[in-house]
Amino acid sequence: MKAPYYVELLSRGGEVLHRQRFDSLPIRLGRGYDNDVILDDAHAGAHHAVIEADHEGAPVLRDLGSRNGTISDGKRQPSVPLAGSTVVRLGHTRVRVRGADFPVAPELADTTMHGWEGAAPALVGLLLIGLFSGLENWLADIDAFQPIRYLLVVASGLGVGLAWSGGWALANRLFGTHARLGRHLFILGTGLFAVGAWRVLSDVLAFAFSAEWLTRYGNVAVIALVCGMLYFHLWTIKPHYPRRFAVSCAILLLAGAGLNLMTNVQSTGRAADELYMSVLLPPALRQSPDHSVADFMASAARLRAEADASRTRASKDDDEGEDEEGDAGGE
């Protein structure tokens, strides 16, 4: 490690909070104002540690008898040899020292869409949120059309969307650089549009091709789309950790899908969201071959035979249970 030396104070996540240059050793650290690096930490000593050169000239951090000590690799150490990747904890403060010869990682490619910020994505996001709210209400509406009711639904959807995106924008401002409200509105609007499109498309395909699994397990796909939306919210705040966010969202997807399936099993005895395909659309959309009445009656007969056999077994088990209770009473 070559001079000049850079003492870095790190956050819990490893990000540099403060960096200070020193041309030579020793470097004193502590809460006292006569130190070279002043630690604003009530758990650090007034003169907590010193960075000095060992007999070979390499920097080493030595504890000066502080109450809470110097922690490295989870253990309290009287002295710690310093390399560019070594992180020590003084009280609650994480410290790292690097020399001018420390190699840095290659420059990252800038994948940020700088032109897609501000009003344009915000307006598109609001439009998609309003469209989703209106279409969802229209698809579920069985009453006479009333414009005021649709206007209230759209207004409520926009309000909830602004609150959701505002929360993410606040997190973006705290943990990133800018609020980027427009980008978060666009992410929410796109995610809701994808959810609505999936519901309509899955219903049409399930009805047209008798693919009942598309509607019976459609909630799993909706959970996956929501997790994808959360990933892009997080990636907008911290674009340098895509793999970490992808793993977190994948775990969230598995947990959400598992809870959904277990809830279905507990409530209906089956993992599917519905016991039968409830979608009814115009017959012209059907692409699967029609089944004859004879096929339907044969299937019904098989179901009846299975039900009769099940009732017979249940009645036989009940009779055997009563006989055993009678024998026990006679004894």
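Take residues 213–233 to start: the end C-alpha atoms sit 30 Å apart, and the span is 95% helix and 0% strand. Helices here are DSSP runs of H or I with at least four residues, strands are E runs of at least two, and both are numbered from the N terminus. Residues 118–135 give 26 Å between the end C-alpha atoms, with 94% helix and 0% strand.

Both spans carry the feature "transmembrane region" in an unreviewed UniProt entry, which also lists 147–171 and 183–201. UniProt positions follow the numbering used here, feature names are shortened, and the annotations may be inferred rather than shown by experiment.

## What kind of model this is

This is a predicted model, where local features need pLDDT of at least 70, side-chain atom pairs count only at pLDDT 80 or more, and totals for chains, interfaces and linings use all residues. Residues are numbered from 1 along each chain as its sequence is written, and side-chain values use heavy atoms, with hydrogens and water left out.

The chain averages a pLDDT (the predictor's confidence in each residue, from 0 to 100) of 89, and 94% of its residues reach 70 or more. Strand E3 (residues 27–30) has the highest confidence at 98, while helix H7 (residues 293–330) has the lowest, at a mean of 75.

## Strands

E1 (residues 5–10) and E2 (residues 16–22) run antiparallel, joined by six bridges; strands count as paired if DSSP finds at least two bridges between them. The two make a hairpin with five residues between them, and glycine 14 in the turn has a positive phi of about 90°. Glutamate 8 stands opposite arginine 19 in E2.

There's also an open sheet of five strands in the order E4-E3-E5-E6-E9, with mixed pairing. Its edges are E4 (37–38) and E9 (79–81), each pairing on one side only. Within the sheet, E5 (residues 49–53) and E6 (residues 59–63) pair in the antiparallel sense over five bridges, with alanine 49 opposite aspartate 63 in E6.

## Salt bridges

The structure holds nine salt bridges, each a side-chain nitrogen of Lys or Arg within 4 Å of a carboxyl oxygen of Asp or Glu. One of them joins lysine 238 and glutamate 15 at 2.9 Å, N to O. Lysine 238 is in the loop between helix H5 (218–237) and helix H6 (242–268) and glutamate 15 in the loop between E1 and E2, so the pair ties together parts that are 223 residues apart in sequence.

Glutamate 136 and arginine 199 also pair up, with closest N and O atoms 2.7 Å apart. This links helix H1 to helix H3 across 63 residues. Glutamate 136 is partly exposed at 25% relative accessible area, and so is arginine 199 at 36%; buried means under 20%, exposed over 50%, and partly exposed in between (1.4 Å probe, protein chains only).

## A nonpolar surface patch

Leu131, Leu135, Trp138, Leu139, Phe193, Val200, Val204 and Leu285 form a nonpolar surface patch with about 710 Å² of accessible area together. Helix H1 (119–140) and helix H3 (181–209) each give two or more residues, and H1 supplies the largest share, four residues. Leucine 135, in H1, is partly exposed at 42%.

Patch residues have over 30% relative accessible area and no salt bridge; like charges are joined within 9 Å, nonpolar side chains (Val, Leu, Ile, Met, Phe, Trp, Tyr) within 5 Å. Areas come from the Shrake-Rupley method with a 1.4 Å probe, and for residues only the protein chains shown count as cover.
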